[in-house]
Amino acid sequence: QELERIVTALEKGQKRKLSADDLSALPTLYRTAASSLSIARESSLDRSVIDYLESLTMRAYLMIYGTRTSFWRWLGDFLGGGWSRAVRAMAWDMLAALLIMVGAALVGWLLVDSDPDWFHRLVPGEMAQGRDPDASVETLRETIFGNQGQEGKGAFAAMLFSNNAQVSILAFALGFCFGVPTILLLIHNMVLLGAMLHVFASKGLGLDFAAWLSIHGTTELLAILLAGGAGIHIGRIMAFPGQRAVMDMAAEAGRRAAFVMAGVVLMMMIAGVLEAYFRQIINDTPTRFLIGGIMLTFWALYLGLAGRWRGAEAKP
(Lines give C-alpha, C1' and ligand atoms only; values in the text may rest on other atoms or scores of the structure.)
Protein backbone atom coordinates (compact mmCIF):
# COMPACT_ATOMS: atom_id res chain seq x y z
CA GLN A 1 0.00 0.00 0.00
CA GLU A 2 2.88 2.36 0.76
CA LEU A 3 4.44 1.62 -2.65
CA GLU A 4 1.06 2.19 -4.34
CA ARG A 5 0.75 5.59 -2.66
CA ILE A 6 4.22 6.73 -3.73
CA VAL A 7 3.95 5.45 -7.30
CA THR A 8 0.49 7.00 -7.77
CA ALA A 9 1.79 10.38 -6.61
CA LEU A 10 4.73 10.20 -9.01
CA GLU A 11 2.47 9.21 -11.93
CA LYS A 12 0.25 12.21 -11.22
CA GLY A 13 3.25 14.56 -11.12
CA GLN A 14 2.79 15.23 -7.40
CA LYS A 15 6.40 14.70 -6.42
CA ARG A 16 6.32 17.70 -4.09
CA LYS A 17 3.78 15.95 -1.89
CA LEU A 18 6.28 13.18 -1.16
CA SER A 19 8.92 13.42 1.52
CA ALA A 20 12.59 12.61 1.12
CA ASP A 21 11.98 9.44 3.13
CA ASP A 22 9.27 8.37 0.66
CA LEU A 23 11.63 8.75 -2.30
CA SER A 24 14.52 6.96 -0.57
CA ALA A 25 12.17 4.10 0.42
CA LEU A 26 10.92 3.60 -3.14
CA PRO A 27 13.66 1.16 -4.31
CA THR A 28 13.31 -0.95 -1.15
CA LEU A 29 9.53 -1.07 -1.44
CA TYR A 30 9.87 -2.04 -5.11
CA ARG A 31 12.16 -4.96 -4.27
CA THR A 32 9.77 -6.07 -1.51
CA ALA A 33 6.83 -6.00 -3.92
CA ALA A 34 8.83 -7.95 -6.53
CA SER A 35 9.66 -10.57 -3.89
CA SER A 36 6.01 -10.75 -2.86
CA LEU A 37 5.06 -11.27 -6.51
CA SER A 38 7.52 -14.16 -6.80
CA ILE A 39 6.07 -15.81 -3.68
CA ALA A 40 2.51 -15.26 -4.90
CA ARG A 41 3.29 -16.95 -8.22
CA GLU A 42 4.88 -19.95 -6.50
CA SER A 43 2.05 -20.27 -3.98
CA SER A 44 -0.73 -20.03 -6.61
CA LEU A 45 -2.64 -17.41 -4.68
CA ASP A 46 -5.71 -15.61 -5.97
CA ARG A 47 -5.17 -14.51 -9.57
CA SER A 48 -6.37 -10.99 -8.80
CA VAL A 49 -3.59 -10.64 -6.21
CA ILE A 50 -0.98 -11.73 -8.76
CA ASP A 51 -2.37 -9.32 -11.36
CA TYR A 52 -2.29 -6.48 -8.84
CA LEU A 53 1.30 -7.17 -7.82
CA GLU A 54 2.41 -7.49 -11.47
CA SER A 55 0.85 -4.14 -12.31
CA LEU A 56 2.27 -2.45 -9.24
CA THR A 57 5.83 -3.73 -9.75
CA MET A 58 5.77 -2.70 -13.40
CA ARG A 59 4.60 0.80 -12.49
CA ALA A 60 7.27 1.06 -9.81
CA TYR A 61 9.94 -0.22 -12.21
CA LEU A 62 9.08 2.53 -14.69
CA MET A 63 9.27 5.16 -11.96
CA ILE A 64 12.71 3.96 -10.86
CA TYR A 65 14.40 2.90 -14.08
CA GLY A 66 12.31 4.38 -16.88
CA THR A 67 13.46 7.39 -18.90
CA ARG A 68 10.82 10.08 -18.55
CA THR A 69 10.62 13.22 -20.61
CA SER A 70 7.82 15.52 -21.70
CA PHE A 71 6.42 15.48 -25.20
CA TRP A 72 7.63 19.02 -25.84
CA ARG A 73 11.16 18.17 -24.76
CA TRP A 74 11.13 15.10 -26.99
CA LEU A 75 9.82 17.19 -29.88
CA GLY A 76 12.54 19.78 -29.32
CA ASP A 77 15.25 17.10 -29.36
CA PHE A 78 13.66 15.51 -32.42
CA LEU A 79 13.46 18.70 -34.49
CA GLY A 80 16.67 20.11 -33.04
CA GLY A 81 18.85 17.44 -34.58
CA GLY A 82 17.73 13.97 -33.58
CA TRP A 83 15.88 13.35 -36.83
CA SER A 84 18.54 14.82 -39.08
CA ARG A 85 21.31 12.88 -37.31
CA ALA A 86 19.38 9.63 -37.82
CA VAL A 87 19.06 10.46 -41.53
CA ARG A 88 22.76 11.24 -41.86
CA ALA A 89 23.60 7.97 -40.11
CA MET A 90 21.99 6.22 -43.09
CA ALA A 91 23.73 8.35 -45.73
CA TRP A 92 24.82 5.42 -47.90
CA ASP A 93 21.38 3.82 -47.73
CA MET A 94 19.79 7.13 -48.72
CA LEU A 95 22.21 7.41 -51.64
CA ALA A 96 21.27 3.90 -52.78
CA ALA A 97 17.57 4.81 -52.60
CA LEU A 98 18.21 8.00 -54.61
CA LEU A 99 20.06 6.14 -57.38
CA ILE A 100 17.31 3.51 -57.55
CA MET A 101 14.59 6.16 -57.79
CA VAL A 102 16.34 8.22 -60.48
CA GLY A 103 17.22 5.12 -62.49
CA ALA A 104 13.68 3.75 -62.28
CA ALA A 105 12.16 7.07 -63.43
CA LEU A 106 14.55 7.07 -66.40
CA VAL A 107 13.53 3.49 -67.26
CA GLY A 108 9.86 4.47 -67.18
CA TRP A 109 10.54 7.39 -69.49
CA LEU A 110 12.53 5.28 -71.97
CA LEU A 111 9.96 2.47 -72.04
CA VAL A 112 7.10 4.81 -72.94
CA ASP A 113 9.33 6.66 -75.38
CA SER A 114 10.09 3.41 -77.21
CA ASP A 115 6.48 2.19 -77.21
CA PRO A 116 3.51 4.24 -75.93
CA ASP A 117 1.67 1.02 -75.08
CA TRP A 118 4.06 0.60 -72.18
CA PHE A 119 2.22 3.44 -70.45
CA HIS A 120 -0.93 1.36 -70.06
CA ARG A 121 1.10 -1.55 -68.71
CA LEU A 122 2.85 0.62 -66.13
CA VAL A 123 0.17 3.09 -65.00
CA PRO A 124 -3.15 1.83 -63.58
CA GLY A 125 -6.21 3.22 -65.33
CA GLU A 126 -7.65 4.67 -62.12
CA MET A 127 -4.49 6.72 -61.66
CA ALA A 128 -4.14 7.83 -65.27
CA GLN A 129 -7.81 8.87 -65.58
CA GLY A 130 -7.43 9.68 -69.27
CA ARG A 131 -4.05 11.32 -68.90
CA ASP A 132 -2.29 8.99 -71.28
CA PRO A 133 -0.40 9.21 -74.62
CA ASP A 134 -3.71 9.51 -76.48
CA ALA A 135 -4.88 12.55 -74.50
CA SER A 136 -4.91 15.93 -76.20
CA VAL A 137 -2.71 18.82 -75.15
CA GLU A 138 -5.72 20.72 -73.81
CA THR A 139 -6.86 17.77 -71.71
CA LEU A 140 -3.44 17.48 -70.14
CA ARG A 141 -3.16 21.23 -69.69
CA GLU A 142 -6.45 21.32 -67.77
CA THR A 143 -4.92 18.86 -65.31
CA ILE A 144 -2.23 21.26 -64.21
CA PHE A 145 -3.63 24.73 -64.96
CA GLY A 146 -6.79 26.55 -63.95
CA ASN A 147 -9.91 25.56 -62.05
CA GLN A 148 -7.85 23.56 -59.62
CA GLY A 149 -10.18 24.10 -56.71
CA GLN A 150 -13.29 22.74 -58.41
CA GLU A 151 -14.54 19.31 -57.50
CA GLY A 152 -12.81 16.56 -59.42
CA LYS A 153 -10.03 18.74 -60.81
CA GLY A 154 -7.62 17.76 -58.03
CA ALA A 155 -8.35 14.04 -58.26
CA PHE A 156 -5.09 13.28 -60.02
CA ALA A 157 -3.06 15.10 -57.36
CA ALA A 158 -5.00 13.39 -54.57
CA MET A 159 -4.31 10.03 -56.20
CA LEU A 160 -0.59 10.78 -56.39
CA PHE A 161 -0.48 11.86 -52.74
CA SER A 162 -2.35 8.77 -51.56
CA ASN A 163 -0.09 6.54 -53.61
CA ASN A 164 3.08 8.20 -52.33
CA ALA A 165 1.95 7.97 -48.69
CA GLN A 166 1.30 4.24 -49.09
CA VAL A 167 4.64 3.75 -50.82
CA SER A 168 6.46 5.53 -47.96
CA ILE A 169 4.90 3.34 -45.30
CA LEU A 170 5.38 0.10 -47.21
CA ALA A 171 8.95 0.96 -48.21
CA PHE A 172 9.85 1.17 -44.53
CA ALA A 173 7.71 -1.72 -43.30
CA LEU A 174 9.03 -4.20 -45.88
CA GLY A 175 12.68 -3.47 -45.13
CA PHE A 176 12.93 -6.48 -42.82
CA CYS A 177 12.83 -8.76 -45.90
CA PHE A 178 16.48 -7.82 -46.51
CA GLY A 179 15.33 -4.66 -48.31
CA VAL A 180 14.32 -6.47 -51.52
CA PRO A 181 10.60 -5.52 -51.44
CA THR A 182 11.58 -1.95 -50.57
CA ILE A 183 13.77 -1.69 -53.65
CA LEU A 184 11.07 -3.21 -55.89
CA LEU A 185 8.49 -0.80 -54.50
CA LEU A 186 10.70 2.21 -55.19
CA ILE A 187 11.32 0.98 -58.72
CA HIS A 188 7.62 0.44 -59.39
CA ASN A 189 6.63 3.86 -58.08
CA MET A 190 9.30 5.77 -59.94
CA VAL A 191 8.82 3.90 -63.22
CA LEU A 192 5.21 5.06 -63.01
CA LEU A 193 6.32 8.66 -62.46
CA GLY A 194 8.78 8.47 -65.34
CA ALA A 195 5.99 7.26 -67.62
CA MET A 196 3.79 10.18 -66.53
CA LEU A 197 6.56 12.67 -67.13
CA HIS A 198 7.04 11.40 -70.67
CA VAL A 199 3.34 11.79 -71.49
CA PHE A 200 3.35 15.46 -70.52
CA ALA A 201 6.77 16.13 -72.05
CA SER A 202 5.69 14.61 -75.38
CA LYS A 203 2.90 17.21 -75.52
CA GLY A 204 5.24 20.10 -74.75
CA LEU A 205 4.11 20.30 -71.12
CA GLY A 206 7.11 18.67 -69.46
CA LEU A 207 8.34 21.75 -67.61
CA ASP A 208 4.81 22.75 -66.63
CA PHE A 209 4.12 19.29 -65.23
CA ALA A 210 7.44 19.24 -63.36
CA ALA A 211 6.65 22.65 -61.86
CA TRP A 212 3.13 21.54 -60.90
CA LEU A 213 4.60 18.48 -59.22
CA SER A 214 7.47 20.34 -57.53
CA ILE A 215 5.28 22.40 -55.17
CA HIS A 216 4.50 19.35 -53.06
CA GLY A 217 6.60 16.79 -54.90
CA THR A 218 9.98 17.96 -53.63
CA THR A 219 8.74 17.26 -50.11
CA GLU A 220 6.72 14.17 -51.01
CA LEU A 221 9.37 12.45 -53.11
CA LEU A 222 12.06 13.26 -50.56
CA ALA A 223 9.86 11.61 -47.91
CA ILE A 224 9.65 8.51 -50.11
CA LEU A 225 13.43 8.58 -50.49
CA LEU A 226 13.89 8.73 -46.71
CA ALA A 227 11.40 5.91 -46.15
CA GLY A 228 13.08 3.82 -48.83
CA GLY A 229 16.50 4.53 -47.36
CA ALA A 230 15.23 3.50 -43.92
CA GLY A 231 13.88 0.24 -45.33
CA ILE A 232 17.13 -0.46 -47.18
CA HIS A 233 19.05 0.31 -43.98
CA ILE A 234 17.12 -2.33 -42.04
CA GLY A 235 17.52 -4.85 -44.86
CA ARG A 236 21.25 -4.20 -45.17
CA ILE A 237 21.82 -4.58 -41.44
CA MET A 238 19.89 -7.85 -41.36
CA ALA A 239 21.78 -9.21 -44.37
CA PHE A 240 25.20 -8.13 -43.06
CA PRO A 241 25.00 -7.91 -39.24
CA GLY A 242 28.75 -8.18 -38.72
CA GLN A 243 29.94 -9.77 -35.47
CA ARG A 244 26.73 -9.11 -33.51
CA ALA A 245 23.51 -11.16 -33.44
CA VAL A 246 21.12 -10.47 -36.31
CA MET A 247 18.18 -9.66 -34.03
CA ASP A 248 20.22 -7.23 -31.93
CA MET A 249 21.41 -5.38 -35.01
CA ALA A 250 17.91 -5.43 -36.54
CA ALA A 251 16.41 -3.98 -33.36
CA GLU A 252 18.99 -1.18 -33.30
CA ALA A 253 18.50 -0.39 -36.98
CA GLY A 254 14.73 -0.53 -36.54
CA ARG A 255 14.79 2.05 -33.76
CA ARG A 256 16.92 4.40 -35.86
CA ALA A 257 14.73 3.87 -38.94
CA ALA A 258 11.56 4.45 -36.92
CA PHE A 259 12.99 7.82 -35.85
CA VAL A 260 13.43 8.69 -39.52
CA MET A 261 9.87 7.57 -40.26
CA ALA A 262 8.49 9.96 -37.64
CA GLY A 263 10.01 12.71 -39.77
CA VAL A 264 8.57 11.16 -42.92
CA VAL A 265 5.08 11.44 -41.41
CA LEU A 266 5.72 15.13 -40.72
CA MET A 267 6.92 15.67 -44.29
CA MET A 268 3.83 13.97 -45.70
CA MET A 269 1.62 16.26 -43.62
CA ILE A 270 3.46 19.32 -44.94
CA ALA A 271 3.23 17.97 -48.49
CA GLY A 272 -0.51 17.57 -48.01
CA VAL A 273 -0.87 21.22 -47.00
CA LEU A 274 1.23 22.37 -49.95
CA GLU A 275 -0.82 20.26 -52.30
CA ALA A 276 -4.21 21.24 -50.89
CA TYR A 277 -3.57 24.98 -50.86
CA PHE A 278 -0.52 26.29 -52.70
CA ARG A 279 -0.84 23.97 -55.67
CA GLN A 280 -4.49 24.96 -56.00
CA ILE A 281 -4.01 28.73 -56.03
CA ILE A 282 -0.70 29.11 -57.91
CA ASN A 283 -1.01 28.57 -61.64
CA ASP A 284 2.21 29.90 -63.17
CA THR A 285 5.20 27.68 -63.80
CA PRO A 286 8.04 29.94 -62.51
CA THR A 287 6.34 30.50 -59.14
CA ARG A 288 5.68 26.79 -58.78
CA PHE A 289 9.34 26.03 -59.44
CA LEU A 290 10.30 28.73 -56.92
CA ILE A 291 8.19 27.19 -54.15
CA GLY A 292 9.39 23.70 -54.97
CA GLY A 293 13.00 24.89 -55.00
CA ILE A 294 12.60 26.67 -51.67
CA MET A 295 11.18 23.53 -50.06
CA LEU A 296 13.95 21.33 -51.50
CA THR A 297 16.63 23.77 -50.32
CA PHE A 298 15.08 23.91 -46.87
CA TRP A 299 14.98 20.13 -46.46
CA ALA A 300 18.51 19.74 -47.80
CA LEU A 301 19.93 22.32 -45.40
CA TYR A 302 17.92 21.06 -42.44
CA LEU A 303 18.72 17.37 -42.88
CA GLY A 304 22.33 18.12 -43.73
CA LEU A 305 23.12 20.62 -40.95
CA ALA A 306 20.58 20.45 -38.10
CA GLY A 307 22.07 19.06 -34.93
CA ARG A 308 25.54 18.67 -36.42
CA TRP A 309 27.09 20.76 -33.64
CA ARG A 310 24.92 19.50 -30.79
CA GLY A 311 26.73 16.26 -30.16
CA ALA A 312 28.26 13.33 -31.96
CA GLU A 313 26.59 12.05 -35.07
CA ALA A 314 24.56 8.88 -34.68
CA LYS A 315 26.48 5.83 -35.79
CA PRO A 316 25.11 3.82 -38.73
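The model is predicted. Colour the chain by secondary structure to begin: there are 13 helices and 0 strands, and read along the sequence the pattern is α-α-α-α-α-α-α-α-α-α-α-α-α. Next, show the surface. The chain exposes about 16,800 Å², and carbon and sulfur atoms supply 64% of that area. If you draw contacts between residues at least 6 apart in sequence, 79% of them join residues at least 24 apart.

**Stop 1: helix 1 and helix 2**

Select residues 2–11, which form helix 1, and residues 20–43, which form helix 2. The two helices pack at an angle of about 125 degrees, and their axes are 9 Å apart. Helix 1 is therefore oblique to helix 2, since an angle between 115 and 145 degrees is neither roughly perpendicular nor roughly antiparallel. Their crossing is left-handed.

Now show side chains. On the helix 1 side of the contact are E2, L3, R5, I6, V7 and L10; on the helix 2 side are D22, L23, L26, L29, Y30 and A33. Sorted by class, the contact of helix 1 with helix 2 has 9 nonpolar residues, 3 charged ones and no polar ones.

**Stop 2: helix 1 and helix 3**

Helix 1 passes helix 3 in a left-handed crossing.

From helix 1, the contact with helix 3 uses L3, E4, V7, T8, L10 and E11. From helix 3, it uses Y52, L56, R59, A60 and M63. The residues of this contact divide into 7 nonpolar, 1 polar and 3 charged.

**Stop 3**

Go to F178, in the loop between helix 9 (155–173) and helix 10 (180–202). Most residues other than glycine have a negative phi. Is F178 buried or exposed? F178 is exposed, with a relative accessible area of 52%; the cut-off for exposed is over 50%.

**Stop 4: helix 11 and helix 12**

Select residues 206–239 for helix 11 and residues 246–281 for helix 12. These helices pack at an angle of about 170 degrees, with their axes 8 Å apart. Because angles over 145 degrees count as roughly antiparallel, helix 11 and helix 12 are roughly antiparallel to each other. Their contact has 24 nonpolar, 4 polar and 4 charged residues.

**Stop 5: T219**

Stay on helix 11 and centre the view on T219, which lies in that helix. T219 is buried, with a relative accessible area of 0%. Which residues does T219 touch, leaving aside its neighbours within four places in sequence? T219 is in contact with M267, A271, L274, M295 and W299. To finish, draw a distance between the C-alpha atoms of T219 and M295: they are separated by 6.7 Å, although the two residues are 76 residues apart along the chain.

Methods. Residues are numbered from 1 along each chain as its sequence is written. This is a predicted model: local features need pLDDT of at least 70, side-chain atom pairs count only at pLDDT 80 or more; totals for chains, interfaces and linings use all residues. Side-chain values use heavy atoms; hydrogens and water are left out. Helices (H or I, at least four residues) and strands (E, at least two) are DSSP runs, numbered from the N terminus. Contact means heavy atoms within 4.5 Å. Accessible areas come from the Shrake-Rupley method with a 1.4 Å probe; for residues, only the protein chains shown count as cover. Axes are lines fitted to C-alpha atoms, for helices over the stretch in contact, and angles run from 0 to 180 degrees between N-to-C directions. A crossing is left-handed if the near helix is turned anticlockwise from the far one by less than a right angle, and right-handed if clockwise. Ala, Val, Leu, Ile, Met, Phe, Trp, Tyr, Cys and Pro count as nonpolar, Asp, Glu, Lys and Arg as charged, and the others, Gly among them, as polar. Buried means under 20% relative accessible area, exposed over 50%, partly exposed in between (1.4 Å probe, protein chains only). Angles under 35 degrees count as roughly parallel, over 145 as roughly antiparallel, 65 to 115 as roughly perpendicular and the rest as oblique.
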